[in-house]
Amino acid sequence: RGVALLVSLILLLLLTIIAITAASTSTLQQRMANNAQDQNTSFQAAESGLARWVTLFTTGNAIPAGEQAAGNNTTFDLTENVQANCLAGSLNVATGFEFTCHHVTSNSRTATGARSRHQMGYLQRTGL
């Protein structure tokens, strides 16, 4: 007498615990997926900043300073450090070539706060 009620309440409690655990796990996985997507978006924006620098440099256009729009509420900014005759004492002594080193950094950020920094070196032969 009353055993059926007790068993059904215990089963209902178990099902409630399982449902709450599943909902919590699903929410956590969704946040992890959103964070991974934001980081990938920031990564791609930093890469597009470097690609933009290479395109502008090879076409002889001026390299813009400051933030650039990369889409999806993401921005990047380029920093360029130029060093003339950067390989003095190594390649240019034996070959007679002179080189200019371009050190480029692209920092990006998304609207949600994900950040990424990519750096690239570009060597330009200027002598002979």
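Which residues make up the largest nonpolar core? Here are my notes, point by point.

1. **Ground rules.** This is a predicted model, where local features need pLDDT of at least 70 and side-chain atom pairs count only at pLDDT 80 or more, while totals for chains, interfaces and linings use all residues. Residues are numbered from 1 along each chain as its sequence is written, and side-chain values use heavy atoms, with hydrogens and water left out.

2. **The overall layout.** The chain has two helices and four strands, and along the sequence they follow the pattern α-β-β-α-β-β. Helices (H or I, at least four residues) and strands (E, at least two) are DSSP runs, numbered from the N terminus. Of the 128 residues, 23% count as buried. Buried here means under 20% relative accessible area, exposed means over 50%, and partly exposed is in between (1.4 Å probe, protein chains only). Now look at contacts, meaning heavy atoms within 4.5 Å. Among those between residues at least 6 apart in sequence, 56% join residues at least 24 apart.

3. **Helix H1.** Take a look at H1, which has 57 residues and reaches 84 Å from its first C-alpha to its last. That is close to the 84 Å expected at 1.5 Å a residue; the expected span is 1.5 Å times one less than the number of residues. The buried residues of H1 are Ser 42, Ala 45, Ala 46, Gly 49, Leu 50, Trp 53, Leu 56 and Phe 57. Just after the helix, Gly 60 takes a positive phi of about 80°.

4. **The core.** Back to the opening question: the largest nonpolar core is made of six residues, namely Leu 50, Trp 53, Phe 57, Phe 76, Leu 78 and Val 104. A nonpolar core is a set of buried Ala, Val, Leu, Ile, Met, Phe, Trp, Tyr and Cys residues joined through side-chain atoms within 4.5 Å. Helix H1 (3-59) and strand E2 (74-84) are the elements that give two or more residues to this core, and H1 gives the most, with three. As a general point, nonpolar side chains in soluble globular proteins tend to be buried together. Leaving out residues up to four places away in sequence, Leu 50 touches Leu 78, Val 104, Ser 106, His 118 and Met 120.

5. The structure holds three aromatic pairs. Rings of Phe, Tyr and Trp (its six-membered ring) pair if their centres lie within 6.5 Å; planes under 30 degrees apart count as stacked, over 60 as edge-to-face and the rest as tilted. Trp 53 and Phe 57 are a stacked pair, at 4.8 Å centre to centre and 10° between the planes. Both lie in helix H1, four residues apart, about one turn of the helix. Trp 53 also pairs with Tyr 122, this time edge-to-face, at 5.3 Å and 70°. Trp 53 lies in H1 and Tyr 122 in strand E4 (residues 115-125), so this pair ties together parts that are 69 residues apart in sequence. Trp 53 is buried at 0% relative accessible area, whereas Tyr 122 is partly exposed at 28%. Together, Trp 53, Phe 57 and Tyr 122 form one aromatic cluster.

6. **Ser 106.** Is Ser 106 buried or exposed? Ser 106 is buried, with a relative accessible area of 0%, and it sits in strand E3 (residues 99-110). Its side chain reaches the backbone oxygen of Ala 46 at 3.0 Å.

7. **Asn 107.** Asn 107 is also found in strand E3, and at 17% relative accessibility it counts as buried. Its side chain makes a polar contact with the side chain of Arg 117 at 2.7 Å. A polar contact is a pair of N or O atoms within 3.5 Å; within protein, one must be able to donate a hydrogen and the other to accept it, and residues adjacent in sequence count only if both atoms are side-chain atoms. Leaving aside neighbours within four places in sequence, Asn 107 is in contact with Thr 75, Phe 76, Asp 77, Ser 116 and Arg 117.

8. **The salt bridge.** How many salt bridges are there? The count comes to one, with a salt bridge being a side-chain nitrogen of Lys or Arg within 4 Å of a carboxyl oxygen of Asp or Glu. Arg 109 forms a salt bridge with Asp 77, and the closest N and O atoms are 3.8 Å apart. Arg 109 lies in strand E3 and Asp 77 in strand E2, so the pair ties together parts that are 32 residues apart in sequence. Arg 109 is partly exposed at 23% relative accessible area, whereas Asp 77 counts as buried at 18%.
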